[in-house]
Amino acid sequence: MSGRTQLMWDDAVTGYDFGESHPMDPVRLALTMGLVRAFGLDEAVDLRGAKPVGDSTLRLVHRQDYVSAVRAASADPRAADQEYGLGTVDDPAFAGMHEASALIAGLSVGAAEAVWRGETTHAVNFTGGLHHAMPGAAAGFCIYNDPALAIARLLELGAERVAYVDVDVHHGDGVQAAFWEDPRVLTISLHEHPRTLFPQTGWPEETGAGAGEGSAVNLALPAGTGDAGWLRAFHAVVPELLADFRPQVLVTQHGADTHFEDPLAHLAVSLDAQRAVMESCHELAHQYAEGGRWVALGGGGYAVVDVVPRSWTHLVGIAAHAPVDPESVVPPSWRDLVYARTRQLGPGRMTDGRTPSWQSWEDGYDPADRLDQAVIATRKAAFPLRGLLA
């Protein structure tokens, strides 16, 4: 395999635009790519585009009637059918919606194909990670479910074991639903507890069904969880599952909305902890995935200036084996870009000034602690189904 990471990008992804007042502002994508370039990371990767996915690929996950409804709403937003989740407050219809959504999905599918075929060991599509879209409906700012499509394409190409790790603040419900009965795909989601956040799913008892029983793992974290708890929970669950499953490909989703500045959720995670989990995912891919195959995606994130560009630039650097030092000063040229695009002042450094640390699960746990209770619930629900000790 090539040692040079592929970064998937096309300027047209900024056409995925729900409108001026919508929290998913596509400027977050443009600013991320701008920061990647400002640090010279575009020279450390192979920058690649991809064709939008066609209907045959979309049908690996989505129903044809839904794809047709998206096409109709894309051509005439006034014709959006809310029975398909289109034209709603969360997912307003906009002209060109199908084309922009199919392009983002195409970039994720292209990343998966490149990794599977040995063109690269790692591939990143930070414009992807739209994990809420269901087979027959849009949901949670997501039209087409690009992570599920990338995984489905890997299976189509012959993969027999694909692991999906989702650390977005919201439950990766659409990906879980797509592979609910498929033992070839292990889905692991760490997210804020469904009692306090959309989509109100992702309980530890959700473990898959039929042949796929035990193939869905959910860790629901208490609102307010910060760096130490988030990292403790990740390391108490994810490495052991991956060591047992031994995926041929690791697909990860890195929504930046776990951050304490994110306006739509209630975790208290820093940029530095997000970076630590990215590094861990990279290490886990090299340790447990076949040949180190890793597909890394973006996701949510609505602090579009202060958080998202820095978080995903770290992701690109880590995947490219050219990590950005957290103490690095943000290039002034990028801060000029931020002001020109948003009339806001950009952050000055690539860190929140935190030093992430956590207590290992192997050192013991406190059954009265809310975070530890969440981990215990997940391990008790899912681990025995995989032959592991809870």
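The model is a predicted one, in which local features need pLDDT of at least 70 and side-chain atom pairs count only at pLDDT 80 or more, whereas totals for chains, interfaces and linings use all residues. Residues are numbered from 1 along each chain as its sequence is written, and side-chain values use heavy atoms, with hydrogens and water left out.

I begin with the sheet. Helices and strands here are DSSP runs numbered from the N terminus, helices being H or I with at least four residues and strands E with at least two. Eight strands make up an open sheet with parallel pairing, in the order S2-S1-S3-S8-S7-S4-S5-S6. Two strands pair if DSSP finds at least two bridges between them. At the edges lie strand S2 (46-48) and strand S6 (216-221), each of which pairs on one side only. From one strand to the next, the twist averages 15°. Strand S1, residues 6-8, pairs with S2 in the parallel sense over three bridges; Gln6 has Asp46 in S2 as its bridge partner.

Contact means heavy atoms within 4.5 Å, and angles run from 0 to 180 degrees between N-to-C directions, with axes fitted to C-alpha atoms, for helices over the stretch in contact. Helix H8 (residues 271-288) touches strands S3 (122-125), S7 (249-253) and S8 (294-297), and its direction makes about 160° with that of S8. Helix H9 (residues 308-319) touches S1, S3 and S8, at about 170° to the direction of S8.

How much of H9 is buried? Buried means under 20% relative accessible area, exposed over 50%, and partly exposed in between, with a 1.4 Å probe and protein chains only. In H9, 12 of its 12 residues are buried, including Arg310, Trp312 and His314. These buried residues pack against S1, helix H1 (27-38), S3, H8, S8 and helix H10 (332-342). Just after H9, His321 takes a positive phi of about 60°.

Next comes helix H7, residues 227-245. H7 has 19 residues and reaches 27 Å from its first C-alpha to its last, close to the expected 27 Å; the expected span is 1.5 Å times one less than the number of residues. Of those 19 residues, 14 are buried. H7 bends by about 25° at His235, with Pro239 following within four residues. The bend is the angle between axes fitted to the seven residues ending at a position and the seven starting there. After H7 comes Arg246, whose phi is positive, near 50°.

Not counting residues up to four places away in sequence, Arg161 touches Arg184, Phe245, Arg246, Pro247, Gln248 and Val249. Its side chain reaches the backbone oxygen of Phe245 at 3.4 Å. Why is Arg161 classed as partly exposed? Because its relative accessible area is 28%.

Finally, Ser101 lies in helix H4 (residues 97-116). Ser101 counts as buried because its relative accessibility is 3%. Beyond residues up to four places away in sequence, Ser101 touches Tyr16, Ile143 and Tyr144.

Methods: A polar contact is a pair of N or O atoms within 3.5 Å; within protein, one must be able to donate a hydrogen and the other to accept it, and residues adjacent in sequence count only if both atoms are side-chain atoms.
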